[in-house]
Structures are given as structure tokens and as C-alpha cells.
Amino acid sequence: MEMIVASAVGVLTSAGVYLVLRLRAFPVILGLALLSYAVNVFLFAAGKLTTDMPPILSSYGAASYTDPLPQALVLTAIVISFGMTAVLVMVTLGAFLESDSDRIDLGRSENAPMPGDDGGEDAK
Amino acid sequence: MSHWIIAPVILPALLAPIIGFVMRHDIRLARVFSLAGTLAVLTIALGLVVQAAGGDTEVYRLGDWPAPFGIVLVLDRLSALMVLLTAVLALIVLTHATATGWDARGRHFHALFQFQLMGICGAFLTGDIFNLFVFFEILLIASYGLMIHGGGRDRMRAGLQYVVINLAGSTLFLFALGVVYATTGTLNIADLAQKVPQIPLEEAALVRLAMMLLLVVFAVKAAVFPVQFWLPGAYSNAPAPVAALFAIMTKVGAYSIIRVHTTVFGPGAEATEGLAGDWLFPAAVVTVAIGAAGVLGARRLRPLIAFSVLGSMGTLMLAVAAFVPAALTAGLYYLVHSTFAAAALFLVADLVMAQRGGNDTLATRPAIAQNGLMAALFFAAAVAMAGMPPLSGFLGKLLVLDALRASGVIGWAWAAILVGSLVTIVGFARAGSALFWKSTALAAPGDGPDAPAPRPAGPLQVAPVVVTVGLLGALAVFAGPLAGYLEATSGQIFDRAGYVGAVLSTRGGS
């Protein structure tokens with residue numbers, strides 16, 4: 001089971017990193033989603049992998065238990081990454097509608113003078 | 001146990017949704033409440049500094065659960081200082097945004113601003129590393145909204161880049177937390193500070209990995225090489241008051257490195273001691289170099305300021321990377337100074353841009369109406385940022401240089417700071433002469449085809465910049481008392497046993 005979980009985390013992470021490096025909006029969103037899945041599984045495994053155990057300390061002898069804290073952490077992480085993905089989609093949509101480009105990197109150097117030199121992006 | 005410790009988090013958290021829902025159609029009402037709320041946070045922060053100055057580490061147990069099990073907020077000198085710094089900066093920035101009408105160029109500025117304030121104060125006060133992650137996310141999600149406030153093509157694209165890099169950073173943060181929990185079984189900072197030194201050197205591989213991951217995560221926030229590339233694009237495209245507020249955001253990363261990598265992984269922890277400094281120091285040297293080169297090469301004003309912020313973060317990290325109390329004292333002084341210097345530069349740049357028709361290209365243009373005033377303010381802020389006397393930048397850099405004299409890194413550190421300062425001075429002098437000096441030789445405005453003359457900046461619009469420059473002067477004048485407080489602060493940060501004892505002790509619950 002350890003092997004399956006570990007390779008799942010590895011595959012999800014590498015796929016996520018690959019997609020993020022594509023630098024186009026849709027692959028990047030998918031890549032960050034995959035990365036957040038990977039980190040959720042990883043956090044879940046951080047408290048040792050056990051099956052069929054209750055998430056509480058048992059008062060009857062030395063029965064084992066599964067660590068409840070990572071489950072709480074994963075829950076928080078899921079909620080946050082869900083919200084962040086929604087924000088990311090909205091920002092991406094806004095950027096795409098404003099600039100007709102879905103590239104993540106700033107193609108034209110933001111340090112260069114504005115075209116025409118009379119710009120006025122903030123003047124409106 | 002004082003309930004005031006949680007007030008800087010609760011107050012903006014309650015105010016933000018009220019402003020967002022109830023006052024969304026009335027910008028004046030939102031302004032009044034936002035300013036009043038920030039003023040209240042400032043008052044509370046002053047009280048907290050007075051409370052913390054005594055030297056006690058105060059603990060606030062949420063739900064009154066004892067420390068390693070529940071989440072705690074911890075108030076010590078460093079936290080109190082950072083909260084006060086945030087509150088002062090927030091009030092200045094908010095006044096500027098209100099006076100210049102930036103807050104009316106988009107929706108929900110004040111609600112997002114309050115959420116941002118909540119996240120920053122929470123990150124400074126929390127004593128739990130997972131809670132630190134949560135507050136990071138709060139301040140980030142508010143900063144995404146503020147970053148793209150007002151819209152526009154370049155700003156949206158820069159904002160998208162900023163969101164993506166920070167989401168990747170957050171994922172890395174979670175991976176680091178998973179490793180920390182797997183190796184130590186706790187996420188409470190005090191409990192970590194107790195358990196990490198017990199890890200023997202032979203079993204240290206995983207905890208060293210966790211420490212380096214955390215270092216990378218905080219370096220993303222603090223914009224240290226090699227993860228500094230997002231800063232110039234984000235800061236130079238953000239709305240001016242937001243860019244000024246972001247001056248404290250990089251300091252959140254610096255604060256996290258100081259807190260976690262000193263108290264938990266710092267001196268005394270056999271497994272990880274010295275590792276962070278070995279990596280952070282060269283990175284800081286390169287950061288200073290990139291910042292200085294960027295200042296010299298920038299062709300527009302706001303990227304120039306953004307690169308000077310980068311250089312100042314490098315200088316700060318040079319001091320932090322030594323991981324000795326004397327250097328940390330100097331670093332904390334420079335941290336306070338560089339926050340205000342960066343804010344002053346962004347605010348004055350906004351006033352100059354407003355008068356130049358929204359254009360910040362460093363090219364000779366007809367003189368603006370208030371050339372003398374703007375030039376004086378820009379000159380003062382640039383003097384502070386570049387580190388020339390008489391303002392606090394000079395003292396800050398001098399303290400850092402003096403503190404790094406003792407260690408074996410004097411060559412690289414002195415070369416980086418001195419050469420970097422010289423290049424920064426040249427860059428600012430070039431920018432200032434192009435913007436203000438040469439321009440007076442040209443014809444008066446009015447010859448442009450599309451030129452309704454911009455209104456001169458009113459007293460209320462200039463006041464925040466003047467106050468910030470005044471604060472920089474005050475930092476220099478009162479450097480003695482401040483350095484005394486900061487010396488006690490860094491002593492407290494390096495006092496691992498004191499921190500652990502104060503947080504984990506069972507006494508003193510309410």
C-alpha cells in the first residue's frame with residue numbers, strides 16, 4: 001500500500017509540475033489542481049498509513065489508531081485549494097478577456113517603455 | 001491572559017464583511033469605517049508593544065486548549081513590533097488610497113484591504129505553523145484581489161502571474177508541513193523548537209529536507225534569489241497604494257524565516273544548525289546584485305522602485321542569514337526602515353505619475369506643476385532607500401555592515417552592500433534627474449495634443465508621503481531607543497528555552 005500511495009503522489013506531482021511549466025492558462029490551472037491533489041494525498045499519508053482503524057485513542061488496551069490530525073489538515077487544505085482554484089479561474093478569465101492571450105509569462109518586458117510613450121494605463 | 005492579543009485579527013475580520021456587504025454602494029461610509037478600523041488596530045498594536053516590551057512572552061490559547069494540542073497566538077517583542085509596523089503602514093496607505101481616489105477605481109477595495117490586514121496580523125501573531133499557512137492564504141487571497149484592483153491589461157496579466165507563483169508556493173508549503181509533521185509529530189512552533197534539537201544527526205535527513213522546503217517557501221514570499229522573479233512584475237503593475245502595502249508582504253516572508261529558522265531550526269538544533277544560513281547567504285548576495293542591476297537598468301519608475309525593494313530584501317537577508325543576535329538586531333532595524341522607504345517611494349511615484357498623465361517612463365518630459373515638491377519628496381525617499389545620511393537607511397546599512405564584521409563573511413557581505421548601494425545611488429540619481437531636473441529646461445506643459453492639465457496634488461494627497469518620510473527621519477533620530485528594543489527582541493528570538501517554556505507551560509490559563 002505504501003508503494004501505491006507513494007507512486008500516486010509522485011505521478012500526480014510530476015504531472016502537475018509538467019503542466020504548470022506549460023505556461024498556458026488551462027494547463028497551469030489543471031497542473032495546480034493536480035499538485036493540490038498530490039499534496040492532499042501526501043498530507044494524508046504524513047500520519048502513517050493504517051487501514052480499518054478508528055481515528056481516536058482506544059481505552060481498551062493497546063489497540064492501534066489512525067492519526068486524526070492529518071485528516072483535519074487535509075480538510076483545511078482541500079477547502080483552501082478549492083477556493084484558490086476558483087479565484088485563479090476568475091483571474092485567468094479576466095486576464096484572457098483583457099489581453100486576448102492566455103500565456104502566464106509576461107511576454108513583453110514590463111520594464112520596457114510603453115508603446116507610443118504616451119501610455120496612460122492608469123489615466124483612465 | 002489578555003484578550004487584546006487576538007484583537008488585531010478579529011477586528012479586521014469582522015469589519016471586512018460588513019464593509020463588503022453593507023457599505024458596498026457607499027464609498028464614503030466604507031472609507032470612514034475602514035480608516036476607523038485601521039486606526040483602532042493601530043491603537044491596539046501600540047498597546048501590544050507596551051505589553052510585550054516588558055519581555056514576557058504572552059500566550060493566547062484559542063478555545064483554552066493547552067499549547068501543543070490547541071492553536072495558540074503568541075505575543076513577544078517581535079510579533080508586537082511587526083503588528084505595529086503593519087498598522088502604521090496600513091493607515092498611511094489607506095489615507096493615500098482614499099485621498100487619491102484609488103479605492104474608487106474598482107470594487108471592494110476597503111473590504112479586501114481589511115482582509116489583507118487580518119491575514120498579515122494573524123501571520124505575525126500565530127504560534128502554530130499550520131495556522132501560519134492559513135493566514136498566508138488569507139493575506140494572499142486578499143492580495144490577489146488588491147493586485148488586480150482597477151483592472152487593465154498589464155495589471156491583469158501581472159496579477160495572473162502573481163497568483164500562479166503564489167499558488168505553487170502554497171503547495172510547496174503544504175508539502176513542507178507534511179514532512180515536518182511526519183518527522184516531529186507536531187506543528188506547534190514551540191513544540192517544534194523543543195523536539196527538533198532532540199533529533200540526532202544520523203536521522204536528520206528528513207527534517208533537513210523539511211527545513212529547506214520551508215526556506216524556499218518563505219524565500220518566495222520574501223523575494224530572495226532564485227525565486228525573486230515575480231516581484232518586479234507584480235509590484236510595478238499593482239495599484240500604487242497596494243504596491244506600498246506589499247512592502248510589508250515581503251517582510252512576512254522575512255519574519256517567517258526569522259521566527260521558524262531561528263527559534264526552531266536555528267542555533268542549538270544539532271540536526272539543522274547552520275544549514276539555512278549556508279544557503280541563504282549566497283542567495284542574499286545575488287539578490288542584492290539583481291536589485292542593484294535592475295535599478296540601474298530600469299527604464300520606468302515603478303520597476304526601478306520594485307528592483308530597489310528587491311535589493312533591500314537582499315540586504316535584510318544578509319543580516320538574517322548570519323543567525324547571530326547582533327546581526328539580527330541590525331536586520332530588524334533595516335526591516336522597519338526598508339518597509340517605510342519602499343512605501344514612500346511607491347506613494348511619491350504615484351503622485352508623480354498622476355501629474356505626468358499616468359506615464360512613468362524615465363524620459364525627459366515637460367515639467368510638472370509641483371516639480372519642486374515632488375522632487376524633494378522623491379529625493380528624500382531615494383536617499384533613505386539607497387542608504388545615504390541623514391535618513392535611517394544609512395544607519396540601517398551601517399548597523400548591518402558593523403554586525404557582519406564579526407563573522408567570516410565580511411568580504412562578500414561588505415562588497416555586496418557597498419557596491420549595491422553605490423549602483424542604487426547612481427540609478428536613483430539618473431531617474432531623479434530624468435524626471436525632475438532636466439524636465440525644467442523644457443517648455444511648459446500645454447503643448448501636448450491631449451493635455452488637460454492634471455490637478456496638482458492636494459495637501460491630503462501629499463500628507464501620507466510626508467508622514468512616511470518623517471517616520472524615516474524619526475527612525476534615524478530615535479535609533480538609540482529603537483535599537484535597544486530590537487536588541488532585546490533578538491535576544492528573545494534566540495532564547496529557545498524561554499519561548500518553549502512560555503508557550504508550553506500549563507500555568508496562567510484564564
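# Questions on a predicted two-chain model

Q: Where does B:L11 lie?
A: B:L11 lies in helix 1 of chain B, which covers residues 7-22. The model is predicted.

Q: Why does B:L11 count as partly exposed?
A: B:L11 has 19 C-beta neighbours inside 10 Å. A buried residue needs 20 or more and an exposed one has 12 or fewer, so B:L11, with 19, counts as partly exposed.

Q: What does B:L11 touch, not counting residues up to four places away in sequence?
A: B:L11 touches B:G37, B:A40 and B:V41. For B:A40, the separation in sequence is 29 residues, while the C-alpha atoms are 8.4 Å apart in space.

Q: Why is B:R430 called partly exposed?
A: B:R430 has 15 other C-beta atoms within 10 Å. The C-alpha atom of B:R430 is 8.7 Å from that of B:L362, although 68 residues separate the two along the chain.

Q: What makes the radius of gyration of chain B that of a compact chain?
A: Chain B contains 19 helices and two strands. Its radius of gyration is 22 Å, close to the 24 Å that the globule rule gives for 510 residues, so chain B is as compact as a globular protein of that length. Its C-alpha atoms fill a box of roughly 75 × 55 × 40 Å along the principal axes. Buried residues make up 61% of the 510 residues, and of the contacts with a separation of 6 or more, 80% are between residues 24 or more positions apart.

Q: How do you know that the span of helix 12 of chain B is close to what is expected?
A: Helix 12 (residues 301-321) has 21 residues and reaches 30 Å from its first C-alpha to its last. At 1.5 Å a residue, 30 Å is expected, so the span is close to expectation.

Q: What makes helix 12 of chain B mostly covered?
A: In helix 12 of chain B, 21 of its 21 residues are buried. Just after this helix, B:F323 takes a positive phi of about 55°.

Q: Which residues touch the most other members of the largest nonpolar core?
A: The core has 233 residues, and those touching the most other members are B:L318, B:A319, B:A343, B:A344, B:L345, B:V348 and B:A381. Helix 13 (residues 325-355) of chain B gives the most to this core, with 22 residues. Beyond its neighbours within four places in sequence, B:L345 is in contact with B:I305, B:S308, B:A381, B:A382 and B:M385.

Q: Why does B:A223 count as buried?
A: B:A223 has 27 C-beta neighbours inside 10 Å, and 20 or more are required, so it counts as buried. B:A223 lies in the loop between helix 8 and helix 9 of chain B, and its phi is near 55°, a positive value in a residue other than glycine.

Q: What makes the peptide bond that joins B:F225 and B:P226 a cis bond?
A: Omega is about 5° for this cis bond. B:P226 lies in the loop between helix 8 (205-222) and helix 9 (230-237) of chain B. Another cis peptide bond joins B:P389 and B:P390, with omega about 10°; B:P390 is in the loop between helix 14 (371-386) and helix 15 (392-403) of chain B.

Q: Which helix of chain A gives the most to the side that touches chain B?
A: Helix 3 of chain A gives the most, with 15 residues. Across the two chains, 40 residues of chain A are in contact with 39 residues of chain B. By class, the side of chain A that touches chain B has 23 nonpolar, 10 polar and seven charged residues.

Technical notes: Residues are numbered from 1 along each chain as its sequence is written. Chains are lettered from A and ligands numbered from 1 in the order in which they are written. This is a predicted model: local features need pLDDT of at least 70, side-chain atom pairs count only at pLDDT 80 or more; totals for chains, interfaces and linings use all residues. Helices (H or I, at least four residues) and strands (E, at least two) are DSSP runs, numbered from the N terminus. A nonpolar core is a set of buried Ala, Val, Leu, Ile, Met, Phe, Trp, Tyr and Cys residues joined through C-beta atoms within 7 Å. Two residues are in contact if their C-beta atoms, placed from the backbone, lie within 7 Å. The radius of gyration is taken over C-alpha atoms; the globule rule is 2.2 Å times the number of residues to the power 0.38. Ala, Val, Leu, Ile, Met, Phe, Trp, Tyr, Cys and Pro count as nonpolar, Asp, Glu, Lys and Arg as charged, and the others, Gly among them, as polar.
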